[in-house]
Amino acid sequence: MLQNRFKLFLSFILAIFIAFSQPSFAWVQSETNNSQEQEQTEQSSSNEEDEDAEEQDEEETEDAEQGDEETDEEAAEENEDDAETAAVDEGSDESKTQASSSEKSSVSPQNDNEDTVTSQALKTIVYYIFLFIIISAVVAIFNRIFSIYKLTQVMNGKYSYIKENSIQAVLLIVFLILFLAGVYYSYAVWGKWSFRKAATEHGQNIDSMFIVTTVLTTIVLVLMHILLLGFSYVYRLKPNRRASFYPHNNTLEIIWTVVPFVVLTSLIIYGSVIWKRIFDVPEDLKNSAIQIEVLGEQFSWQVRYPGPDGEFGKRNFKLTTPTNSYGIDFNDKKAWDDLRASDIVIPVNRPVRFHILSKDIIHSFYIPDFRVQMNAVPGMTNYFQFTPTMTTEEMREKMDDPEYDFIMLCAKICGTGHYNMQKKVVVVTESEYQQWLNEQNKFFTDDMKKEFSVNENIDKDDSKESATASLN
Amino acid sequence: MSSTAITPEASFQDSHEEKQSFIKKYVFSTDHKMIAKQFLITAIIMAFFALLLSILFRIQLAWPDKDFPVLEFFLGKWAEGGRIKPDFYLALVTIHGTIMVFFVLTAGLSGTFSNLLIPLQIGARDMAAPFVNMLSYWFFLGSCVVMTASFFVESGPAAAGWTVYPPLSAVPTAISGSGLGTTMWLLSIFMFIISQILGGVNYISTILNMRTKGMDLWKMPLTIWSLFITAIVGLVSFPVLVSAVVLLFFDRSAGTSFYLSDLVIGGEILPNEGGSPILYEHLFWFLGHPEVYIAILPAFGIVSEVLSINSRKPIFGYHAMVYSLMAIAVLSVIVWGHHMFVTGMNPFLGGVFMLTTLIIAIPSAVKAFNYTATLWRGNIRFTPAMLFAIGMVSFFISGGLTGLFTGNATIDIQIHDTYFIVAHFHFVMGSASMFGMLAAVYHWYPKLYGRMLDNQLGYIHFWLTFIGAYLVFFPMHFMGIDGVPRRYYAFTEFPFMEKWVSVNILITWAAVIAGLAQIAFVWNFFYSMRNGKKASKNPWRATTLEWTTEVKHIHGNWEGEIPTVYRWPYDYSKPGHPDDFIPQTVPHSETMSSNLLQDFHDNEEAIKIQKEWNKENNRVESES
Ligand code: HEM
Ligand SMILES: [Cu+2]
Ligand SMILES: [Cu+2]
């Protein structure tokens, strides 16, 4: 009886959730409306003032603006009443809701925008309630059958705890099989989707580390599950057996402490070597690499190349203005030839050293195909040096996807636009790279010169601080 | 009898006791059992709230370009046009994480079961400081209320992730949740820490000072060991979080620059100079990592207990289990840097943190092996609690193994802050700890409410949750390997992520079904309080002290004298004994036929007596 009531309740909630996530049916109509409206909007731009121009009920809004408001409200009220009666009257059948909903949609064009949203939501809720009633009826019937079956078993004296217990053991074995199949499936399908070989030198090292770890952990995962669930099945409760009193075994325990120790030590050593190689770059290699600076901000990246002199001009966040959004200090002559790039373009097979900065909050400079990630932290500069081994063209061929691009994205939560903070990364040949460099514009534009020449004058007269102050 | 016999518990009330007012008994109670129930029910409510939040954002991830007008109906401006806004999405994620980690897996797990089990299993009449204990609950409730209330402020709740890294969390113009919402988050966590510290001090002093006669440390059940060690880890790490939170509060409200420097936000140049967000990260993770062990350690203890009882076998390697708990606890305070491999820290430090982190895998592996060995040659009863315990071990294996990826600094470059991390910590924490907690609820429900939970519902609950959790979290690893960052509002802006949308739909459905399965649990929980089958005194045939108390709850736990303890808590299926368990309160003199010589350690006298008895009765002691 407990189960009966419960299952009714369960199915109620189930229905709500299902309806929540698959409600298309309830407003198919409104969606079709919507597409028509969009066409209309394109034709008449008068709508643009409307606050809710992007909402799906544009047509209604438009009408409402023209129509008589009082009647609208009445219509809306009627509407809600309809919905409520339908909601209260749980026993009514599906045809009735459909009837009432079609009724509503014929009325709704006259509605005020907000009311339409409300009535639509109510409509949806009514729909959920119906779904619930149908499903709960089905579940209740099944449940009745099941409980009657169980009752007869108990009455015939066939019910046994041992049997029920064994069912769980069997289920565990079924789970084990499904689990192993699932692991296989996911490696075969999703694994293939997700794993692409790294397109950088250090990335290949990371990949080998990754593969070694994957192989090891998969073996352990599979074996441990076979043991755990297998033991559960084999040693399930049996009437005439007694568990063996086996509190410890020192040899075994030593073995399974030492074996992980050895395995982990080798992983640690292997990992440390690679880690050191990535981040402990010798001073001369640091200097000979191509230097590129990226500045993260909400929600985009700016890229700066140092220009022919190979050095970046100073940046001072206090100099940030709408025109000088990078905050470059052009009093530093090294800044005059700095280049602004719209994408990150780098030549293949040459070390590049990224200087990673942030203008506002923490971002993360992340290029998955390169196995590169480094946080951009305000107030400090981080570095990541790597050598790409594959041009974009080669990658496209390999992926068999002419559209494929390397992409840099932000991996540290940074606000509203965090999910779309990207920059294309293009790897090209050396000659293409030189050509591309020549086409890039300088940060030090005419506007900038004007802004800074004023400053330079002040600078001559006054102290540097006052120049900064005037900028602020 | 009390005159306030409205609730079922009233019938348990001891007739010798003086009358208690309703308020004193159920609200401002100082009785550890009542406080345990208060913790548990509050945590269940908060867990449901957090679950609902997760369903909301899962819907967004699965159908990023569909409108759900119902959402607007319920959420108003946060889901204008029936779509959750990015800001609100982040707020949902943030509050979901905070509630789950702090309120459910910390207060709900160690709060509930420390309160319930410590006095009962060590043989004490109550906590060392019952009033402080009550305060601990009220601070916890206060923090829950403040956190929930933050949904009703105009600018929305905190939205900078459960780690609330500044500057995002420090500057209100960076994201709307960083206004009043974050102030409330900080206040709530501040109260929570007070609650934890009050609780922790109490648990430790109770365990150290109030054990009954004969209960030396090595006779304590593993639950007590784990709760004890958890409390110590909490006391070491929570105060550091206080400093992190307070400094953040100053940065936000008093214009200081502990964490802020060089900021241009929305075109506005902020005056702060000289601070560093990295400082916050260090302070936060100094708590943050131990915190995740605070969530898993009690689950270890609980699962040891449940596995052993239901396999009718002693836990394999009791001493090893205790030492591994200690090792994990000690190591857990020196691994926090693994959350910061790519913040630009010194590469040498990165190497050190990789070392300490991967070393933790050794005691963890020992635990997993010992659990499995406990099942070997058992006689296993699959109660719902047992199934949850087995599930916990399974998740712990799966999640612990992915720890070898995250803990390896080189691999972490690729998977840091991606869905791989989400998958990893949901296995170890979201699933393993949660299953530990559920196992405990099923196992000790008869002790909490004097009635049994319905088995059938327990099975439904277990299977749907177990399969659901695997379906939800397993696929996320692959997204992470592909490079999909976590805390992304939609996967629609990048061509390479489009293939995952179909998987996201699978995940969301699995999450919905697993979420629904929790209804089975809650129904069972509340319905059985009044209508469940009446429990017997020792329904699981267990050895520990809590099952020697009456079913009826009385203040002071034991009617007469507190029983004395003579043996360790894992004498199951001891050869030579007629029953398959011997309670801790049975002296060896009553079990001559099953005693082993090592039971007496080095007590010469006792060994001599036993040897004589063996000779007289022709008993040959089997080696074990
Ligand atoms: C046993 C219980 C464990 C729990 C409850 C746990 C929990 C967590 C949580 C919550 C995070 C999320 C960090 C974030 O928000 O960014 C995390 C990350 C991490 N975990 Fe665990 N973990 C556990 C075990 C392990 C083990 C055994 C290892 C390694 C051997 C490990 C290594 C890591 C590392 C390195 C990270 C950081 C990864 C990153 O941020 O990129 N954890 N863990
Ligand atoms: Cu960002
Ligand atoms: Cu971001």
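Biologist: Which helices of chain B each supply at least two residues of the shell around ligand 1?
Modeller: This is a predicted model, in which local features need pLDDT of at least 70, side-chain atom pairs count only at pLDDT 80 or more, and totals for chains, interfaces and linings use all residues. Side-chain values use heavy atoms, without hydrogens or water; residues are numbered from 1 along each chain as its sequence is written, and chains are lettered from A and ligands numbered from 1 in the order in which they are written. Helices are DSSP runs (H or I, at least four residues), as strands are (E, at least two), numbered from the N terminus. In chain B, the helices you want are H8 (277-311), H11 (384-406) and H13 (419-449).

Biologist: How many residues of the shell around ligand 1 are charged?
Modeller: A residue belongs to the shell if one of its heavy atoms lies within 4 Å of the ligand. There are 21 such residues, and the closest are B:Thr406, B:Asp412, B:His416, B:His424 and B:Arg486. Ala, Val, Leu, Ile, Met, Phe, Trp, Tyr, Cys and Pro count as nonpolar, Asp, Glu, Lys and Arg as charged, and the others, Gly among them, as polar. By class the shell has 10 nonpolar and nine polar residues, and the charged ones number two.

Biologist: How far is an oxygen atom of ligand 1 from an N or O atom in the side chain of B:Asp412?
Modeller: A polar contact is a pair of N or O atoms within 3.5 Å; within protein, one must be able to donate a hydrogen and the other to accept it, and residues adjacent in sequence count only if both atoms are side-chain atoms. B:His424 has a polar side-chain atom 3.0 Å from a nitrogen atom of ligand 1, and for B:Trp162 the distance to a ligand oxygen is 3.5 Å. For B:Asp412 the distance is 2.6 Å.

Biologist: What area is buried between chain B and chain A?
Modeller: With contact meaning heavy atoms within 4.5 Å, 145 residues of chain B meet 127 residues of chain A. Buried area is the accessible area (1.4 Å probe) that two parts lose on being put together, summed over both. Carbon and sulfur atoms give 72% of the total, which is about 12,300 Å².

Biologist: Which helix gives the most to the side of chain B that touches chain A?
Modeller: Side chains of opposite charge can pair when their charged atoms come close. By the rule for a salt bridge (a side-chain nitrogen of Lys or Arg within 4 Å of a carboxyl oxygen of Asp or Glu), the two chains share three, among them A:Lys412 with B:Asp417 at 2.6 Å. The chains also have 33 residue pairs in polar contact (both at pLDDT 80 or more). With 17 residues, the top contributor on the chain B side is helix H10 (residues 347-375).

Biologist: Inside chain A, which residue forms a salt bridge with A:Arg371?
Modeller: An automatic or database assignment of domain bounds divides chain A into domain 1 (1-35 + 112-159), domain 2 (165-238 + 251-279) and domain 3 (289-457). Domains 2 and 3 of chain A bury about 1,200 Å² between them, and two salt bridges cross their interface. One of the salt bridges of A:Arg371, with N and O atoms 2.7 Å apart, is to A:Asp207.

Biologist: How many residues apart are A:Arg196 and A:Asp369?
Modeller: These two form a salt bridge, their closest N and O atoms being 2.9 Å apart. A:Arg196 sits in the loop between helices H8 (190-194) and H9 of chain A, and A:Asp369 in the loop between strands S6 (363-367) and S7 (372-376). The pair links distant parts of the chain, and the separation in residues is 173.
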